[in-house]
Amino acid sequence: MKPIGSSGRAGLQAGDRVGDYQVLRVEALPEIHAVFHELAHPATGAHHIHISRPDAENTFGVLFKTVPRDSSGVAHILEHVVLCGSERFPVRDPFFSMLKRSLSTFMNAFTSSDWTMYPFATQNRKDFYNLMDVYLDATFFPRLEELSFKQEATAWSSSPRLTASARCSRGWSTTR
């Protein structure tokens with residue numbers, strides 16, 4: 001699969017097709033010397049945003065709406081549980097393993113009030129596709145084992161007053 005920016009197709013326009021995606025919008029972003037592409041995958045309803053620019057950094061992220069029903073922190077707990085192995089990468093903590101082996105310049109996960117995002121960045125093309133494989137498998141095919149839920153929920157609920165930096169120092173963050 002070639003990135004949109006190197007597809008050899010100069011000037012994608014709204015209405016064009018790229019594989020199974022339909023291009024919805026293309027806009028110049030002169031302030032950052034970039035081009036914004038919004039694509040949709042009709043079969044799944046997925047949306048894809050691609051920003052192409054002459055930059056050595058290659059970034060990727062998977063973002064989900066995670067609107068809470070209450071203030072129990074379930075979205076944040078799920079953020080961590082999703083990172084506890086997947087169908088293709090069934091190891092307990094593939095993300096911490098990747099931190100040791102990857103050339104990434106950034107790897108993390110965030111839970112906000114109504115969304116959860118799993119982003120990364122790297123300047124190495126092979127590393128980009130390796131990380132993307134792991135991130136996509138983790139977010140779309142997580143193992144979601146009961147033990148992982150119990151560990152993450154217990155860690156979260158046992159110290160509700162810890163600051164974010166204290167949680168990170170206890171290993172509750174996806175970066176180290």
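Buried means under 20% relative accessible area, exposed over 50%, and partly exposed in between (1.4 Å probe, protein chains only). The model is predicted: local features need pLDDT of at least 70, side-chain atom pairs count only at pLDDT 80 or more, and totals for chains, interfaces and linings use all residues. Residues are numbered from 1 along each chain as its sequence is written, and side-chain values use heavy atoms, with hydrogens and water left out.

**Exercise 1.** State which residues of helix 2 are buried and what they pack against.

Solution. 
- Helices (H or I, at least four residues) and strands (E, at least two) are DSSP runs, numbered from the N terminus.
- In helix 2, Pro94, Phe95, Phe96 and Met98 are buried.
- The buried residues of helix 2 pack against strand 6 (104-107) and helix 3, where contact means heavy atoms within 4.5 Å.

**Exercise 2.** Describe how helix 2 and helix 3 are arranged.

Solution. 
- Two packed helices are described by the angle between their axes and the distance between the axes.
- Axes are lines fitted to C-alpha atoms, for helices over the stretch in contact, and angles run from 0 to 180 degrees between N-to-C directions.
- For helix 2 (residues 94-101) and helix 3 (residues 125-140), the axes come within 11 Å and cross at roughly 170°.
- Helix 2 and helix 3 are therefore roughly antiparallel (angles under 35 degrees count as roughly parallel, over 145 as roughly antiparallel, 65 to 115 as roughly perpendicular, the rest as oblique).
- Helix 2 contributes Pro94, Phe95 and Met98, which meet Leu131, Val134, Tyr135 and Ala138 of helix 3.

**Exercise 3.** Determine whether Glu38 is buried or exposed, and list its partners.

Solution. 
- Glu38 lies in strand 3 (residues 34-41).
- Its relative accessibility is 17%, so Glu38 counts as buried.
- Leaving aside neighbours within four places in sequence, Glu38 is in contact with Gln22, Val23, Leu24, Arg25, His47, His48 and Ile49.
- The side chains of Glu38 and His47 make a polar contact (3.4 Å); such a contact is a pair of N or O atoms within 3.5 Å, and within protein one must be able to donate a hydrogen and the other to accept it, with residues adjacent in sequence counting only if both atoms are side-chain atoms.
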